[in-house]
Amino acid sequence: MNQIIEDEKYMRRCLQLAANGKNNAKPNPMVGAVIVCDGRIIGEGYHVRCGEGHAEVNAFKSVKDEDGILLTKSTMYVSLEPCSHYGRTPPCADLIVSKKVRRVVVGCIDPFAKVQGRGIQKLRDAGIEVTVGVLENECLDLNKRFVTYNTHHRPYVILKWAQSANGFLDDNFKAASFSTLFTQMLVHKLRAESDAILVGRISDERDHPQLNVREWSGRNPRRIVLDRNHPFSPDVDFDSPVLPQLMQYLYDKGIQSLLVEGGAYTHNTFIESGMWDEIRVEKSKVTISKGTKSASIPDDVILMDEKEYDGNTISIYHKNTY
C-alpha cells in the first residue's frame, strides 16, 4: 500500500478514537493514538478524561507485547503532537522514546506554548523517524476550540440563532420559537459542548432564557449576560469596547468555547468586531409579517454544512481562524 494512503488510513482511526473524549477530555485536547506493526493494529487508545492517561499511554497499555519486540518494529500514529512537559502526567514523548518505537506519525503540532514542536524534536533527537502533517486540517478542526484558545488567546466563538423563513428572530417583536423539538435537542447538545453561553441584555429581559442543558446530557455552560447594570466582571469598562475585555476575561478563566445565542444587536456586534469563528443559523419555514431582523451573514464565509431537520434548515458557516 502507498505510504501516504496507509498513513491517512490510520490517522483517520486516530480521529475516530479522539472524538470519544469530546466532553470529558477538556480543557485538554481530544487525542487518539494507534500502534501498527506489519500492517496490523496492535494497540490503540484515546484521552478519556482530563487528569488521566493520555492517548499514547492508553495505546501502549493495550498492546500485548511483554518482551517489547513488536514495538521496536511499530509505527505510532497520534492525532496531536505528543506532549514534552510534565503536567498531571509525565511527557508522552519520553514514554515513546523509552518504548523504542521505530516511527511516529503526527497529525498536527500542538499549539500549547509548552509543547509547540518540542515533542517532535525530542523524538527526532532520539533517532525516531517522525512524519508530521498527515490529515492536518482534520486534526486541527477536531480541536478547533483548543487551537483557537491557545493561538488567539480567546475562546472559540459560535454565533447561533433561529429565524423565520424571511429572517425575523421574533413575531411582531414578541418572543417566538422557530425550533422543533428535535432541533431544540441539538441546541442543548451544543450547549453541553460549550464552556460558556452568552446573550445580550434585551434578550435576557424579554425571553428570560435559562441557557442550561435540559434536553441533552452534560454540564451547564457558564452563563453570561452583556449588561452594564450587571457586568460579567467588576473590572469591565462599558465606556470602552466590551468584547476585547470579555475575550480577555474568558481567556483568563480558561474558557475555550463561547456560544452566543443572541439577540440581533449582540450578534452584529460580534460579527463587526471579527471576534467569531462559526455561525449556525436555523431557518424555519414559518413566515412572519414583521419583527426583529436577524444579523447579516458576512460575505467572506464558507458554508461548511447544511442539513434539514423536521422541515427546518440548519446552516453552518466557518471563518478560518487558525
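Strands β7 (residues 196–200) and β8 (residues 222–226) pair in the parallel sense, over five bridges. The model is predicted. Within this pair, Ala-196 stands opposite Arg-222 of β8. Helix α9 (residues 201–207) carries the chain from β7 to β8, and the β-α-β crossover is right-handed.

Strand β7 also pairs with β9 (residues 257–262), again in the parallel sense, over four bridges. Here Ile-197 stands opposite Leu-259. Five of the five residues of β7 are buried. In a regular strand, side chains alternate between the two faces of the sheet. Ala-196, Leu-198 and Gly-200 lie on one side of β7, Ile-197 and Val-199 on the other, and both faces are covered.

Helix α8 (residues 181–192) has 12 residues. Its span from first C-alpha to last is 17 Å, close to the expected 16 Å. Buried residues in α8 are Thr-183, Val-187, His-188, Leu-190, Arg-191 and Ala-192.

The largest nonpolar core holds 37 residues. Met-11, Ile-35, Met-76, Tyr-77, Ile-96 and Val-104 have the most contacts inside it. Helices α1, α2, α4, α5 and α6 each supply at least two residues of this core, as do strands β1, β3 and β4. A second, separate core has 30 residues, including Leu-169, Val-242, Tyr-249 and Leu-250. In soluble globular proteins, nonpolar side chains tend to be buried together.

Ile-35 belongs to the largest core. Leaving aside residues up to four places away in sequence, Ile-35 touches several residues, among them Ile-41, Ala-59, Phe-60, Val-63, Leu-71 and Met-76. Arg-40, Ser-74 and Thr-75 are also among the residues that Ile-35 touches.

Key: Residues numbered from 1 in each chain as written. Predicted model: local features only at pLDDT ≥ 70, side-chain atom pairs only at ≥ 80, totals over all residues. Heavy atoms only, no water. Expected span 1.5 Å × (residues − 1). Buried < 20%, exposed > 50% of the residue type's maximum accessible area, 1.4 Å probe, protein only. Core = buried A, V, L, I, M, F, W, Y, C linked by side-chain atoms within 4.5 Å. Contact = heavy atoms within 4.5 Å. Pairing = 2+ DSSP bridges. Right-handed = clockwise from strand over helix to strand, strands pointing away.
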